[in-house]
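This briefing is meant to be read beside the sequence and the coordinates. It starts with the chain as a whole and then turns to its cores and to selected residues.

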Amino acid sequence: MLSAVRPPVTVRVPAKINLHLSVGGVRADGYHDLVTVFHAVSLFDEVAVSLSDEPGLEVHGEGVSEVPVDDTNLAWRAVDLLARHSGRDPAVRVVLRKGIPVAGGMAGGSADAAGTLVALSALWKLDLPRDELSEMAAQLGSDVTFALHGGTALGTGRGEQIVPVLARHPMHWVIALARRGLSTPTVFTELDRLRGDAEPPERPVEPVLGALSQG
């Protein structure tokens, strides 16, 4: 008897830029308190998830030599988390096609994790509500919740608490890419070193929110 092979589920997820980023002190959990304005831009990664007898992760595109293909990759951590959450066997293959610059502060890894949660939830027909997916996204990383929602949003906490922001009219951005990337932990460690014992400066977000609402 022939059985149908379920086709892959493919999603596209956008990069983000931070229109505002205020970094507070180090918290007890090792993260920093943030006040940030996330804004999704039209650079995308494509995430395809399929059932497979050879589970694993493939990455294609520019900068892939810097992207891990083991269980440290955020996309595969998303597979593992959703499998444990739903009691499923993670016998799936995830294919990432990178259009978001790697290690450029544009949340490519977080976008891949969010896309994997959405695609795998659909592949397994879990019918999970957005709130439940958001809780899992927050477990994976500070930017993953925003990547799940997109648009423009105010992020607080360590960035995982998201409130949509009204942004009028299209906006056009010029993005200049360095030859080498920077890891987020390295950047924050250097920021802490430069600050020393000084109090983090106050950088109010309200002017940015006002500018966005007025177009």
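The model is a predicted one, and its chain contains six helices and six strands. Read from the N terminus, these elements come in the order β-β-β-α-β-α-α-α-β-β-α-α. The chain has 215 residues and a radius of gyration of 18 Å, which agrees with the value near 17 Å that a compact globule would have.

**Overall dimensions and surface**

- The C-alpha trace spans about 70 × 40 × 35 Å along the principal axes of the chain.
- Of the 215 residues, 40% count as buried, while the chain as a whole exposes about 12,500 Å², with carbon and sulfur atoms supplying 53% of that area.
- Among the contacts between residues at least 6 apart in sequence, 72% join residues that are at least 24 apart.
- There are 19 positive and 26 negative side chains, and the centres of these two sets lie 5 Å apart.

**The largest nonpolar core**

- In soluble globular proteins, nonpolar side chains tend to be buried together.
- The largest nonpolar core of this chain holds 40 residues, and those that touch the most other members are V49, L82, V92, V94, L117, L120 and L140.
- Two or more residues of this core come from each of strand 1 (9-26), strand 2 (32-51), strand 3 (56-61), helix 1 (74-86), strand 4 (92-98), helix 2 (108-123), helix 3 (130-140) and helix 4 (144-149).
- Helix 1 gives the most to this core, contributing eight residues.
- V49, once its neighbours within four places in sequence are left aside, is in contact with P8, V9, V92, R93, V94, A119, L120 and L123.
- In helix 3, the buried residues are L133, S134, M136, A137, A138 and L140, and what covers them includes helix 1, helix 2 and helix 4.

- L154 belongs to strand 5 (residues 152-156), and it counts as buried because its relative accessibility is 19%, under the 20% cut-off.
- Beyond its neighbours within four places in sequence, L154 is in contact with V35, T36, V37, Q161, I162, V163, V165 and V205.
- The C-alpha atoms of L154 and P164 are separated by 6.3 Å, although these residues are ten apart along the chain.

**H32 in strand 2**

- H32 is found in strand 2 and is buried, with a relative accessible area of 9%.
- Leaving aside neighbours within four places in sequence, the residues in contact with H32 are V23, G24, G25, V26, R27, G157, R158, F188 and D192.
- From H32 to S22, ten residues away in sequence, the C-alpha to C-alpha separation is 9.8 Å.

**Loop residues with positive phi**

- Most residues other than glycine have a negative phi, and most peptide bonds are trans.
- A103 has a phi near 55 degrees, a positive value in a residue other than glycine; A103 sits in the loop between strand 4 and helix 2.
- With a relative accessibility of 35%, A103 counts as partly exposed.
- D127 also has a positive phi, near 55 degrees, and is likewise a residue other than glycine; its place is the loop between helix 2 and helix 3.
- D127 counts as exposed, because its relative accessibility is 72%, over the 50% cut-off.

**L182 and its approach to A103**

- L182 lies in the loop between strand 6 (161-164) and helix 5 (184-195), and it is exposed, with a relative accessible area of 58%.
- L182 and A103 are 79 residues apart in sequence, yet their C-alpha atoms are 5.4 Å apart in space.
- When neighbours within four places in sequence are left aside, L182 is in contact with A103 and V187.

How values were computed
Residues numbered from 1 in each chain as written. Predicted model: local features only at pLDDT ≥ 70, side-chain atom pairs only at ≥ 80, totals over all residues. Heavy atoms only, no water. Helix = DSSP H or I, 4+ residues; strand = E, 2+ residues; numbered from the N terminus. Rg over C-alpha atoms; globule rule 2.2 N^0.38 Å. Buried < 20%, exposed > 50% of the residue type's maximum accessible area, 1.4 Å probe, protein only. Contact = heavy atoms within 4.5 Å. Areas by Shrake-Rupley, 256 points an atom, 1.4 Å probe, with all protein chains shown as cover. Lys, Arg positive; Asp, Glu negative; His and termini not counted. Charge placed at Lys NZ, Arg CZ, Asp CG, Glu CD. Core = buried A, V, L, I, M, F, W, Y, C linked by side-chain atoms within 4.5 Å.
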